[in-house]
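Keep the viewer open as you read.

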Amino acid sequence: MKLAIRTEKLSRRFGKTVAVDRVDLEVPEGAIYALVGANGAGKTTMIKMLMNIFRPSDGRAEVLGVDAAHLAGNAFTRIGYVSENQEMPEWMTTGGMLSYYRSFYPQWDPVLEEQLVRQFDLPLKRKLKHLSRGMRMKAAFASSLAYRPSLIVLDEPFSGLDPLVRDELIEGLLERAPETTVFLSSHDLAEIESFSSHIGFLEEGRLLFSEELPVLSERFREVTVTLERPSVLPEKCPASWLQIEAAECVVRFVHSNYKHEITERELAEFFPSARNISLDPMPLRSIFLAIAKSGRSHVQSTANTKGIKA
Amino acid sequence: MKQILHIFAKDARHQWLEILLSLAVTVGLVFACPSRWRTGAAGFVSFSPIGLVSNLPDLLVYIVPLSWWLLISPVIHEEKLVGDRQFWITRPYDWKKLLAAKVLFLIAFLYVPLLLAQCAMLAEAGFSPFPSFRGLLRDSLSLTCLLVLPLVVLATVTRNFARMTLAVLGAAVCFIAILLLALNAPPDRIATPHENQIAFFLALGLCAAVVVVQYARRNTKVSWVLVASLIVLVGFLALGGAPDNAQMDRDYPHGQRGMATAQFAYQQTAATAPSAFVTQRRDRVGISIPVLVSGEPDGTVTIPDFLQVTLQAPGGAGWTSVWQTAAMDKFLPGERVANAQFTMPRAAYDDLKEKPLNVQVTFALTQAHAEKVERLTLGQKDLAVPGVGICSPVKGFSDRLDEIGLVACRSPLRPELTLVNSAWSSVACSSASTSPDDRVQTAEWIGALEKESTEFGIVPVSITPVNFSNQFAMESNGPGKARHLCPGTPITFTKYTLTGRTQSTIWINGFQLPRLDAGQITVMNQD
């Protein structure tokens, strides 16, 4: 498997604050990888290290086979980077900006540029400083897609955009997806769930897990056990059970390592007096809430037992 | 090259207003500057605060660098180097090409217009620009080091014009503080010509390092450390210790072969006795030792630059000065008595004043020789003086407005070291009874051996008044009577060029430090 991005113990400190803590990450080529986490989790710092905007305090990163610390100049002809807070040459018109960037990229595709301009309905003669936030993002997208980059890195690209613009951008992105790798960060799970192929969860600078989205969805189940009579919970529950709640005859928890037959057998052994056991798939949002609420130590132990990256 | 031109074209398109402003100010200077020499005397009494307001050319000399500031800041900040949100850092910019584009911009819109303006000013002043071309390039280098590069450096370590303005103000405060400290420092601080050159290139190197570090690595912390080092270096050069003997021996070698300079000897007579005086600094005492200067070879001049004094008392007590600036005249052939002045700490003076001393005074000397003599006759019109420029008689600098009281020379760049000799007339030039007996010989030095830039190196024409000595005849009562330069008077310009530098020492045995006259305060020229 060829990797578009690979990091080894990548860390970044700002004074005494650890923004990114020994992150090992692998993004396969062709993936749409979503790095999620709460605000301040270290997503932007992580991306800025990948783009050689920040230098790591420790560890290293490789982007398209190039050491991220040496990423500069021509290497960016293969990378498109769009960030919610990136400055733009405000004085330029949209058309002027596209025209200015054009000569930097030997593989710039004027046909695709035209197509993107049409698709995003970009006003070519309007100055960037006079564009709405959504239009600016669309202009940034167009200027980063028109040269068919091998890797598109997006830092909170949909933050603060109305659903219509967001859908337009996602659509534009997905049309390009087969020929490129997409690495994006977001704190909004709902917006990335529909199109991401891989997902990584960053909390307080640490990558709690990183895996394919279907695998993740398959691994988590909301378990509801209805007992014959009120019963005491076993003292030692498996580490893969998160957010255990018990009330009268009902026990609820999140199973973070669901495997159809093994799990059912395990539950039957734990709750021999169970009248009913239901195992419901969880939306991504609920999975993350469960992970976040159950605390890092719990998840780490789960990860360790199940080989999840932590 | 394509990327360089692409970025350059973008900058030129965006900064057209700043470019236009800078060009307008430069063109304005070209048109306004000739009034400095057309108005005769008014031209060279210019750098006073009143002159600044009333004299547009002088004002423009200051406005031109300000317009550069407005030019440099936006062009560097167009692709700013501080921060992590710039659009260009994740685009295929090659830092070397980006830097080259910025340099090209400065060459195209700062240096070339300035060079053209300077050529135009030289032509307007009556000089061909071509012989001065090398000097203009040298001035451009000084300008780069003193003005352009520091502005570029501050632009590269700041994120916008407002921050850069703060940085410029901060740097200005630092330099003013250093200047004030240097002015109040004891007269120990001197810089030899070589030291100045080393400092110049060191500062240039540090500035260039900041720019390269910022463009190559965008490491603002390291760059600020380099900027701080630059300020410390300037402070050290301004306030640091005097050069040591090894440095002086390199710059002023002993026993220069083929160089016979003036001879110095201690000269104590009733009329020429050593004296002590209080200086502006209460903790230091000034000492003046009369020396007889003789033996200067014909056609040469000796200029004492620095001196060092050692006082040795019996029993081992003593004091040795650092190299101090020698505030002495230039010595032409012939005998004359001059005063070698130095200052010493009050404590050392009190310790040694009662003791017989062996004194050693070492002079660091520069010798120049006459290379070219131009003998001309003063008239009502301008005189073309090779090596100097164009010298004009100026009326109105005496008690009669119709008499010539001054000669003002305008030169391409700075005039070279030149001795100007002429003769005053004691009676009005219009008087029928002028005779050779009414003539009083007079002389004045203009120019310098070292090539110096004129007014930031912006205006390539310098106006030098030849302030001849003895303009006023002393009378027993009433003000002195003014003398005049009459048309038809011979005026000689002798151009001197550097022969070499050396040291000369005199020894005085049994010297007694003079008693301090507490009431006398003499301000020594501390350069």
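Start at Ala142(A): leaving out residues up to four places away in sequence, it touches Leu98(A), Glu113(A), Leu116(A), Val117(A), Phe120(A) and Leu122(A). Touching, or being in contact, means that two C-beta atoms, placed from the backbone, lie within 7 Å. This is a predicted model, where local features need pLDDT of at least 70 and side-chain atom pairs pLDDT 80 or more, while totals for chains, interfaces and linings use all residues. Residues are numbered from 1 along each chain as its sequence is written, with chains lettered from A and ligands numbered from 1 in the order in which they are written.

Ala142(A) also belongs to the largest nonpolar core, which has 79 residues; together with Leu50(A) and Val153(A), Ala142(A) touches the most other members. A core here is a set of buried Ala, Val, Leu, Ile, Met, Phe, Trp, Tyr and Cys residues joined through C-beta atoms within 7 Å. Buried means 20 or more other C-beta atoms within 10 Å of a residue's own, exposed means 12 or fewer, and partly exposed is in between, with C-beta atoms placed from the backbone. Helix H4 (residues 133-145) of chain A gives the most to this core, with six residues. Because domain 1 (3-215) and domain 2 (218-306) of chain A both contribute residues, the core lies between them; those bounds come from an automatic or database domain assignment.

Zooming out, 39% of the 310 residues of chain A count as buried.

Now for the partner: 14 residues of chain B are in contact with 20 residues of chain A.

Methods. Helices (H or I, at least four residues) and strands (E, at least two) are DSSP runs, numbered from the N terminus.
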